[in-house]
Structure formats: C-alpha cells, structure tokens
Amino acid sequence: MPCGQMHNRVAKAASFPLAHNALALFGNNRGADRMSFFKKLKDRMFKSSSKLEEGLDALVEDGADAAEDSEPQAAPAPKPQAEPGLLGRVMGGGAPRRVLDDDMLESLEDLLIAADMGVETAGRVAANLAEGRFGRKMSVPEIKSALAEEIARIMEPVAKPLPLYPARPQVVLVVGVNGAGKTTTIGKLASQFRAAGKSVMIAAGDTFRAAAVEQLQVWGDRAGVPVMTAPEGSDPASLAHDALSRAKAEGVDLLMIDTAGRLQNRTDLMEELAKILRVLRKLEPDAPHNTLLVLDATTGQNALNQVEIFRKLADVSGLVMTKLDGTARGGVLVALADRFGLPIHAIGVGEQIDDLQAFDPEEFAQALVGGELSAKQDDS
Ligand SMILES: Nc1nc2c(ncn2[C@@H]2O[C@H](COP(=O)(O)OP(=O)(O)OP(=O)(O)O)[C@@H](O)[C@H]2O)c(=O)[nH]1
Ligand SMILES: [Mg+2]
C-alpha cells in the first residue's frame with residue numbers, strides 16, 4: 001500500500017497561490033525577508049555552529065604553524081575564542097591556512113561528528129570535501145564554504161515544502177515520540193495555513209491525557225482554528241472518524257490530527273495508529289495525505305532510530321525538526337537526509353507561533369558551519 005499511494009499523492013500535488021504574509025512553509029521561501037530569517041536562524045539555531053566554527057579556527061590556526069615545519073600535528077581540542085576579524089583577515093589575505101592532509105581530514109571528521117552528523121555521514125562529507133582539494137592549503141573561510149557546499153548538496157533533495165493536494169479535506173496525520181513537539185507544530189502549522197487563507201480543523205487525537213487536549217485547544221485558539229476533542233481515555237480512532245466526517249461535511253481545506261507518542265508500549269501505539277489509519281481510509285481512501293513525523297533535534301542521533309520506528313508504524317511522508325534553537329547539534333539533519341532521504345518540510349526554531357520555518361538547505365548549511373549567506377543567494 002504505501003509506495004503506490006505515495007506516487008499517487010505526488011502526482012496529484014498541486015501548488016496553491018500563497019497569501020502574501022504566509023511564511024511559505026508550503027511554497028517558495030525566497031522573499032524579501034530572507035536575510036532577516038537567516039539571521040534569526042543563525043542567531044538561534046545552533047549552539048553547534050559556534051562550536052564547529054571554533055573547532056575549525058583552532059584546527060587551522062594550530063595546524064598552520066605546524067605546517068611550516070612540514071610535520072602536521074594532531075589537532076588540539078577546540079578552544080573558545082571570539083573571531084571578530086575573520087572575514088577582514090581573508091580580505092586582507094592574512095588568514096592562516098593549513099594543508100588538507102589525512103590528519104586534517106580526520107580532525108575535520110571529528111568536528112562533524114561532534115556536531116551530530118553521525119560517523120557515516122561525517123565520513124562521507126569529509127571525503128567529498130577532500131576530492132580535488134587534498135594536499136591544498138585551505139583557510140577557515142575556504143573550508144567553511146566547501147563544507148557548506150557539501151552539506152547543502154546532501155540537503156537539497158530533501159528540502160521540500162509540505163505538498164498541498166486538491167483533496168478536501170487534506171488530512172495531515174502528525175506522529176512522533178513524547179515531547180517531540182507535535183502539538184506545538186500543529187498549532188504553528190494551523191496558524192500559517194490560516195494566514196494563507198485556508199480553512200483548518202484540528203483533531204486532538206492524543207486522548208491519553210486531558211492536559212494534551214487543553215494544550216491543543218490553546219494552540220487552536222491562538223491560530224483561530226476549531227479543535228475537535230474527545231473525553232480523556234476515549235478511542236482516538238473514533239475521534240479521527242468524527243473529525244474527518246465533520247471536516248468533509250464542512251468542506252474544510254485541511255484536517256490535522258494530533259496523536260499520542262508513547263513509545264513505552266510500542267504494540268499499543270502501533271495498534272492505535274493502525275486503527276486510526278483504518279478508520280480514516282474507510283471514509284477517505286487516500287487519507288492521510290501527509291504523515292508528518294516530528295523529531296526533536298536535541299535528541300541527537302536518537303532521531304535516526306525514531307525515523308526507523310515510525311516508518312514501520314506509519315507511512316511517514318515527511319519530517320519536521322523542532323528545537324533547532326535549543327542546544328541541538330543540528331548536524332543530525334544532515335545524517336537524516338543522507339540516510340533516509342525523507343522530505344524535510346519545516347524546522348522549529350522556538351516556542352512561539354511563528355517559530356516554524358520552511359527548510360532552506362543553503363541557509364541551513366551556512367548556519368551549521370557558521371558561514372555567511374552569499375549575496376548571489378539573496379535574490380528573490
Ligand atoms: N525551543 C523550542 N521548543 C519547542 C519547539 N517545538 C516545541 N517546543 C517545546 O517542546 C515542548 C513539547 O512540545 P509539545 O508540542 O507538547 O510536544 P508533543 O510531541 O505534542 O508532546 P506529547 O504530547 O507529550 O507527546 C513544549 O514545551 C514546546 O513548547 C521548538 O521548535 N523550539
Ligand atoms: Mg502533544
């Protein structure tokens with residue numbers, strides 16, 4: 001069932017005109033506010049970018065001295081230090097350079113692993129970086145720019161806005177482990193869909209906790225979107241059924257269904273999700289049109305396991321990565337893209353309603369390595 005249906009869905013995807021103020025999570029992200037978004041992303045997104053940056057600085061500076069004596073030394077631990085004049089030094093041509101040799105590559109790989117890229121992906125990125133550059137002297141800005149290019153190349157194919165379909169309602173099922181950010185993401189998405197002029201309904205399918213329902217109602221109020229609820233402990237599948245019937249009857253554009261994320265008892269969760277899917281498909285054979293897996297970036301490499309698990313439980317059609325503003329080492333997104341190739345629709349960069357952004361691979365790559373957005377990328 002999953003593959004055939006996926007293709008079907010993709011074929012039916014249509015692009016909708018967007019309201020001017022919509023944040024374009026489901027459309028083109030190139031706009032006048034791109035620089036300010038990049039700044040926000042860079043300011044907030046990664047504790048890791050500064051770490052990676054510092055690591056690179058230390059690596060090249062110390063290695064540059066060693067390179068003069070022909071015997072390159074192993075890289076020392078990154079030392080925290082401000083580098084205000086980095087770009088200025090490049091312009092002045094005085095930036096230290098280090099020969100890209102095996103030692104240097106190994107240290108670089110370690111830095112990427114520390115940024116949560118995973119061993120496999122870090123190795124691949126380092127190897128690609130070395131191609132055509134091995135043995136050459138490189139400065140930090142040159143390495144950053146080459147790294148960003150490699151990372152963006154991996155991310156480019158997965159950076160896809162949430163596809164919209166002519167189906168009415170388009171059913172969006174949201175899954176993920178406890179605390180990943182499902183409910184918050186639904187609230188943010190609902191608000192942006194509303195801003196784009198779409199009618200939206202939310203189903204509080206996490207009937208496990210009364211607090212979960214209340215939380216969703218708060219988000220629904222903020223977004224100006226009705227929330228369908230059911231008593232605590234009642235069957236989420238029956239709520240899904242009622243919500244879809246009502247959404248159909250009212251001609252709503254989008255129905256978003258929240259789910260519980262308990263992985264402690266995986267059999268229960270699997271049965272619960274399977275039942276929701278069965279019930280939805282009885283009413284609407286193509287539903288859900290999107291199954292979003294929400295991942296918390298601060299869980300690091302564990303996000304990879306979560307994708308494995310949820311792909312078995314549900315036909316995951318795309319990812320949302322939350323909490324990139326926290327202590328996340330955002331490299332895990334690169335690992336996810338490299339390993340699974342699932343579309344990344346959006347990233348969460350805060351707890352407020354507008355803190356959900358379309359995923360832009362170039363911006364992400366530059367923010368991750370602590371680089372600058374080049375002027376040529378800033379046209380609209
Ligand atoms: N900093 C930050 N916090 C976030 C982001 N997304 C969600 N959160 C916070 O993460 C916590 C959990 O978010 P929820 O939306 O409740 O997560 P959930 O997946 O619905 O959790 P359960 O219902 O328990 O399964 C909340 O405190 C959110 O405010 C984000 O992008 N950045
Ligand atoms: Mg929740």
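Helices (H or I, at least four residues) and strands (E, at least two) are DSSP runs, numbered from the N terminus. A residue is near a molecule or strand if its C-beta atom, placed from the backbone, lies within 6 Å of it.

This is a predicted model: local features need pLDDT of at least 70, side-chain atom pairs count only at pLDDT 80 or more, and totals for chains, interfaces and linings use all residues. Residues are numbered from 1 along each chain as its sequence is written, while chains are lettered from A and ligands numbered from 1 in the order in which they are written.

**Stop 1: ligand 1.** Select ligand 1 and the 21 residues around it; G181, K182, T183, T184 and G348 come nearest. Now pick helix α8 (residues 182–195). With three residues, α8 gives the most to this shell.

**Stop 2: strand β4.** Select residues 200–203. V200 and I202 point one way, M201 and A203 the other, and all are buried (20 or more other C-beta atoms within 10 Å of the residue's own, C-beta atoms being placed from the backbone). Strand β6 (residues 254–258) pairs with β4 in the parallel sense over four bridges; two strands pair if DSSP finds at least two bridges between them.

**Stop 3: strand β7.** Move to residues 290–296. Seven of the seven residues in β7 are buried. Four bridges join β7 to strand β3 (residues 170–175), running parallel. Find V174: its bridge partner in β7 is L292. Five bridges join β7 to strand β8 (residues 318–322), also parallel. L293 stands opposite L319 in β8.

Note on methods:
A residue is buried if 20 or more other C-beta atoms lie within 10 Å of its own, exposed if 12 or fewer, and partly exposed in between; C-beta atoms are placed from the backbone.
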